[in-house]
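Thanks for coming, everyone. Please have the structure open.

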Amino acid sequence: MQQPWYIKINGVTMPTPDTGVIDEYDLDTADTGRPESGVLHRDRKRHDLARYPLAWSRLRPAEAWMLRTALAPEQIEVTIWMFDRPVTKTMYAGDRHWEQYLDNNGVAHIKLQCQLSEV
C-alpha cells in the first residue's frame, strides 16, 4: 500500500520529492584515527545520524512557497517514510538551490534541491 504522504515538516505534509535519499553516517571525535601501529582507534560521538538529499523538479509556485516557509527555521522536525514506517528527526535545511523555468506550454515550474541534516 502506498503511503498518503512521504515527508512532513513540523507536522505539515509537503509535496513528495522526485528523489529522496536517506544517508546515515557516524560522527567521530577528533581523537579518531590510526597511529603508527595501523590499528584504527575510533571515538564515535554519535551514530546513525540522518542526512536527506532531496530534489523536486516540478513544483507549482504555491508548493515552492510552502517548502520555502517550512525550511526557513533554524531547526525543523522532519518525518519521512523509511522502509515501512515513519521516522522523525530534528533537522536543519542546508543550502537550498532554486531554479525557475517555463514548460513548453508556458506554465511556470520551480525546481528545488536541498539537504536536510540531523541536528
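Start with the largest nonpolar core, which has 24 residues. Those with the most contacts inside the core are Ile 7, Tyr 52, Leu 71, Val 78 and Leu 116. Which elements build this core? Strand S1 (7–9), strand S5 (44–59), helix H1, strand S6 (76–82), S7 and S8 each supply at least two of its residues. S5 gives the most, with five residues.

Terms, quickly. A nonpolar core is a set of buried Ala, Val, Leu, Ile, Met, Phe, Trp, Tyr and Cys residues joined through side-chain atoms within 4.5 Å. Buried means under 20% relative accessible area, exposed over 50%, partly exposed in between, with a 1.4 Å probe and protein chains only. Helices (H or I, at least four residues) and strands (E, at least two) are DSSP runs, numbered from the N terminus. As background, nonpolar side chains tend to be buried together in soluble globular proteins.

Two notes on the source. This is a predicted model: local features need pLDDT of at least 70, side-chain atom pairs count only at pLDDT 80 or more, and totals for chains, interfaces and linings use all residues. Residues are numbered from 1 along each chain as its sequence is written, and side-chain values use heavy atoms, with hydrogens and water left out.

Back to Ile 7. Leave aside its neighbours within four places in sequence. Its contacts (heavy atoms within 4.5 Å) then include Val 12, Met 14, Leu 54, Val 78, Ile 80 and Leu 116.

Now charges. How many salt bridges does a search of the whole structure find? Four. The criterion is a side-chain nitrogen of Lys or Arg within 4 Å of a carboxyl oxygen of Asp or Glu.

One of them pairs Glu 118 with Lys 89, closest N and O atoms 3.7 Å apart. Glu 118 lies in strand S8 (residues 108–118) and Lys 89 in strand S7, so the pair ties together parts 29 residues apart in sequence. Glu 118 counts as buried, at 16% relative accessibility.

Another joins Arg 60 to Glu 63, with closest N and O atoms 3.3 Å apart. Is Arg 60 exposed or buried? Exposed, at 51%.

Asp 84 counts as exposed, at 51% relative accessibility.

Next, the largest pocket. Its volume is about 150 Å³. Pockets come from a 1 Å grid over the protein atoms alone: a pocket is an open set of points where a 1.4 Å probe fits, with protein on both sides within 12 Å along at least five of seven lines. Lining residues have an atom within 4 Å of a point. Grid points are joined across faces, edges and corners, and the volume is the space filled by probe spheres set on the points.

The lining is Pro 61, Ala 64, Trp 65, Arg 68, Trp 98, Gln 100 and Ile 110. The largest share, four residues, comes from H1.

Last, backbone. Most residues other than glycine have a negative phi. Asn 10 has a positive one, near 50 degrees. Asn 10 sits in the loop between S1 and strand S2 (12–13), partly exposed at 43%. Phe 83 also has a positive phi, about 65 degrees. Phe 83 is in the loop between S6 and S7, and counts as exposed at 78%.
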